[in-house]
Amino acid sequence: MLGFISSRIIQALAVMLAMSMLVFLGVFAIGNPIDVMLAPDATQDIRAQAIAFYGFDRPIWEQYLRFLGRLLQGDLGSSFVYNIPVMQLILSRLPATLELTLIAVISATLIGVPLGMYAGYRPDAPLSRFIMAFSVLGFSVPTFWIGLVLILTFAVTLGWLPAGGRGETATVFGLEWSFLTADGWKFLLLPALNLALFKLSMMIRLARSGTREIMLSDTVKFARAAGISEWGVLRHHVLRLILVPIVTVFGLEFGSTLAFAVVTETIFSWPGLGKLIIESIGSLDRPVMVAYLVLVALLFITINLLVDLAYAALDPRIRRGRNA
Amino acid sequence: MSAPLLEVRDLVTHFFTRAGVVKAVDGISFTLNPGEVMGLVGESGSGKSITGFSLLGLVDAPGRIVAGSVKLNGQELVGLPQAELRRIRGKTMSMVFQDPAMTLNPVLTVRRQMRLALAAHERMSDAAATARCVDVLSRVGIPDAARRLDSYPHEFSGGMRQRVALAIALLHRPAVIVADEPTTALDVSIQAQILAEMKDLVRDSGTALIWISHDLATVSSLAGKMAVMYAGRMVETGPTGTVLSAPRHHYTRGLLDSLPSQAEPGQDLRQIPGSTPSLLGLPPGCPFASRCPAGTATCAQVSPEITWEGGRGFRCHHPLVEALA
Amino acid sequence: MTLNPNLRRFFSEFAENKVALVAAIIVLAIVLLALLAPLVAPQDPYDLASLTLRDARRPPGYVGTQGYTHLLGTDAQGRDLLSAILYGLRISLQMGLVAGAIAFALGATIGTTAAYLGGRVEAVLMRVVDLQLSFPAILLAFVLAALLGQGRWPLTAALVAAQYAYFARTAHGAAVAERQKDYVEAALSTPLPGRTVVLRHILPNCMAPLLVVGTVQVASAISLEATLSFLGVGLPPTEPSLGMLISNGFQYMLSGRYWISIYPGVALIVLIIAINLVGDQIRDQLNPRLRR
């Protein structure tokens with residue numbers, strides 16, 4: 001087990017290094033940030049000064065090494081636009097995205113798995129058909145479109161909930177959180193719903209197809225033959241068996257939901273990381289883009305690692321296989 | 001004489017598929033007394049497994065028992081609500097399946113799976129449950145049972161896994177066990193071991209056993225009586241010794257002739273010509289007619305009723321004469 | 001033309017599911033409408049000369065200065081929305097199909113080659129694919145589209161990069177299962193070149209799962225394209241796909257002029273849902289474990 005963990009960590013570090021390189025090189029391909037930072041009528045002198053100050057005159061590999069060195073110290077440079085350290089900027093936006101994503105993914109799982117299991121257990125029941133129709137809808141309709149419809153319905157037409165923004169926050173551990181205030185929830189509800197619908201459909205499908213296949217398996221037949229009740233079969237055998245793919249998807253989806261938050265945050269003007277990256281791409285705020293991508297890559301690799309470990313903990317066969 | 005432990009009369013199970021009605025089990029009758037072993041023989045697709053599932057009320061949709069009766073200790077099981085069937089399953093009548101790798105839940109420990117099976121019928125303390133599990137596991141021949149209780153199925157060998165499955169089926173000391181090809185997936189040497197242990201178990205506990213198999217050898221070594229199934233119907237039944245030594249149905253004869261032991265070295269094995277008919281839209285007559293050496297126009301038109309002679313029965317218009325066989 | 005019996009059974013089984021049948025008809029109808037857009041659309045939405053601001057942001061049913069009724073209203077430039085949607089569908093479908101086809105070819109090649117070659121090549125290729133699969137497609141497409149700039153080919157490249165991995169994984173899974181079967185072993189032991197074995201034996205047997213993934217991926221490519229265009233990193237304004245039409249209307253939605261966003265959106269989701277329903281039915285039919 002220990003060997004498995006350490007080999008996975010080394011692998012993760014290697015991937016991280018490759019990612020940082022790709023991100024750095026990739027971002028270099030975008031325009032010339034100096035043009036954005038300086039007024040069009042800036043003199044050659046000022047230009048040269050700025051280029052030297054930001055290190056744009058150095059060879060790319062040297063810029064990369066300097067970048068990597070600073071990265072290791074947690075120094076990701078300063079935003080060209082906001083003129084504050086990127087780290088500080090990102091940390092100030094992270095809680096908003098994190099709470100939005102967490103609420104979306106957790107509620108999608110808690111609601112989606114039981115619904116999916118029911119639909120898989122009773123594939124021909126009317127309620128199952130309704131659940132599946134709903135999931136096709138949630139799966140097919142692009143997130144941005146659902147966002148628009150939610151705004152049109154609940155904000156414009158009914159006027160029940162605000163169309164965007166974050167509302168009142170409470171400060172805990174020096175970070176601002178919306179879910180601790182009633183007003184915050186009002187602002188949180190629509191974007192969280194928007195973000196959750198796709199994941200909900202995904203969880204429903206996953207739980208349904210898993211349940212459907214397992215219900216036909218000999219494991220279930222044997223459990224029934226032992227007199228275990230249908231509820232017991234679902235609760236102890238089926239749920240335990242579909243848990244492995246669900247935990248995997250939960251982890252992976254948590255990462256992709258962070259990415260999807262870009263869309264939701266743009267529509268609902270939610271001041272999180274996603275909105276920040278859209279703005280920084282628009283304004284060619286290179287350090288912010290690099291930092292965002294490195295951060296997302298880091299989150300991803302960490303999540304993958306955790307999922308692998310959870311996988312091993314849940315499926316004894318894997319634990320054995322990888323150990324051997 | 002008191003009523004038999006298990007009495008099955010004219011059991012019919014159909015599958016209502018899109019393509020039509022599949023008559024998977026079409027008129028099976030037999031009785032079983034405590035401690036008796038009956039072999040149920042047939043090719044794959046002959047309906048022997050579905051017969052087993054029908055007894056426990058475990059036929060999956062789109063299948064359904066459409067006629068007949070299954071009486072266990074005098075209680076009618078056909079038509080009983082699932083909740084009551086559940087109380088019988090695993091307690092009075094239990095079942096083991098062909099492939100233990102598929103039946104045991106791979107992500108639960110043996111202890112957990114046995115606990116779930118115990119809890120289905122009895123509330124008991126952890127200590128008592130553990131004691132019962134260890135006891136049953138040792139009875140089916142698992143060494144060091146107390147320690148193996150926390151292992152996962154994949155940590156056992158194939159034979160040991162089947163013993164675990166058997167132990168789960170035996171937890172509540174059922175009166176009847178339906179064993180659906182339980183040794184087919186195992187090595188021959190392990191098969192022999194399990195077979196010997198099954199014999200002992202049946203003798204010691206008085207459990208009746210229905211041994212479903214396509215292997216005449218295991219049936220002859222284990223079962224006191226047997227039934228041969230073909231295309232969902234029971235074509236011949238009787239004491240194992242007489243059925244095998246003097247079959248009355250041409251299909252049973254064909255099965256025996258195709259055994260390797262019947263052939264001279266270097267000689268080709270004899271086969272029954274043709275292949276099993278599709279259970280979808282069977283012809284009106286005897287399903288074996290087209291492959292039967294004695295098949296006539298009557299056979300193709302009229303389905304033979306079962307003829308009873310002493311302890312045995314057969315469904316054939318032109319049965320083999322006993323002396324000839 | 002005579003259909004082979006398997007194919008005929010496939011179609012008749014497909015037709016049994018009324019929902020899927022209707023979906024298939026809708027997909028065909030939309031494809032036809034998009035193909036014939038220049039003939040059926042009341043207006044050429046790219047012909048700036050025919051637009052006047054006097055017709056801008058008119059509600060559905062408004063009779064414009066050109067003398068015909070704008071059934072779905074007009075947008076901010078005075079464009080007939082129905083025409084804009086028909087032309088937008090054309091662009092969206094093109095993007096989805098082209099990206100889907102390239103991703104299909106690329107992914108199938110990588111997946112089957114990896115399965116055929118095995119060993120280290122397989123390990124490295126599939127590790128990359130897995131890594132990419134774990135990375136959200138939308139983010140990848142988003143970053144690439146932002147890096148490569150606006151335009152058809154940059155966007156296609158972004159969509160392909162985001163999607164080929166699904167095909168590669170599916171093809172690889174099917175090909176590995178296929179490779180272990182006896183007849184492929186047998187074919188491999190003959191002096192046939194490896195390419196022939198892959199093309200004749202392995203690939204045809206991976207087609208079923210690949211087609212299922214293909215339908216879903218075309219739908220998701222269309223959705224992804226719309227999302228990127230909505231966010232402003234997709235197609236340039238000169239090629240208004242459905243995503244851009246929706247994005248253009250977004251600002252007017254809050255003031256009650258819903259139709260500029262809503263109708264293109266309805267067209268988009270009807271298309272995507274219909275494709276997904278068709279894909280679902282094909283998947284259910286091809287899954288042997290769910291067959292009855």
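Me: What lies at L243(A) in α10(A), shortly before the proline P245(A)?

Reply: A kink of about 40 degrees lies at L243(A). The bend at a residue is defined as the angle between two fitted axes, one for the seven residues ending there and one for the seven starting there. Helices are DSSP runs of H or I with at least four residues, strands are runs of E with at least two, and both are numbered from the N terminus. The model is predicted: local features need pLDDT of at least 70 and side-chain atom pairs pLDDT 80 or more, while totals for chains, interfaces and linings use all residues. Residues are numbered from 1 along each chain as its sequence is written, with chains lettered from A and ligands numbered from 1 in the order in which they are written.

Me: How far apart are the end C-alpha atoms of α10(A), and what would a straight helix reach?

Reply: They are only 44 Å apart, although α10(A) has 38 residues. The expected span is 1.5 Å times one less than the number of residues, and a straight helix would reach 56 Å, so α10(A) falls short of that.

Me: Which residue follows α10(A), and is its phi positive or negative?

Reply: S269(A) follows, with a positive phi near 45 degrees. This residue is in the loop between α10 and α11 (273-282) of chain A. Most residues other than glycine have a negative phi, and most peptide bonds are trans.

Me: Why is S269(A) called partly exposed?

Reply: It has 14 other C-beta atoms within 10 Å. Buried requires 20 or more, exposed 12 or fewer, and partly exposed lies in between, with C-beta atoms placed from the backbone; S269(A) is therefore partly exposed.

Me: Why does N83(A) count as exposed?

Reply: N83(A) has 9 C-beta neighbours inside 10 Å, so the exposed class applies. Its phi is also positive, near 60 degrees, and its place is the loop between α4 (60-72) and α5 (86-121) of chain A.

Me: What is the omega of the peptide bond that joins A61(B) and P62(B)?

Reply: Omega is about 5 degrees, and the bond is cis. P62(B) is in the loop between α1 (48-56) and β4 (63-72) of chain B.

Me: How many residues of chain A are in contact with chain B?

Reply: 21 residues of chain A are in contact with 26 of chain B. Contact means that C-beta atoms, placed from the backbone, lie within 7 Å. α9 (218-225), α10 (230-267) and α13 (316-323) of chain A each supply at least two residues of that side of chain A; α9(A) gives the most, with six.

Methods
Two residues are in contact if their C-beta atoms, placed from the backbone, lie within 7 Å.
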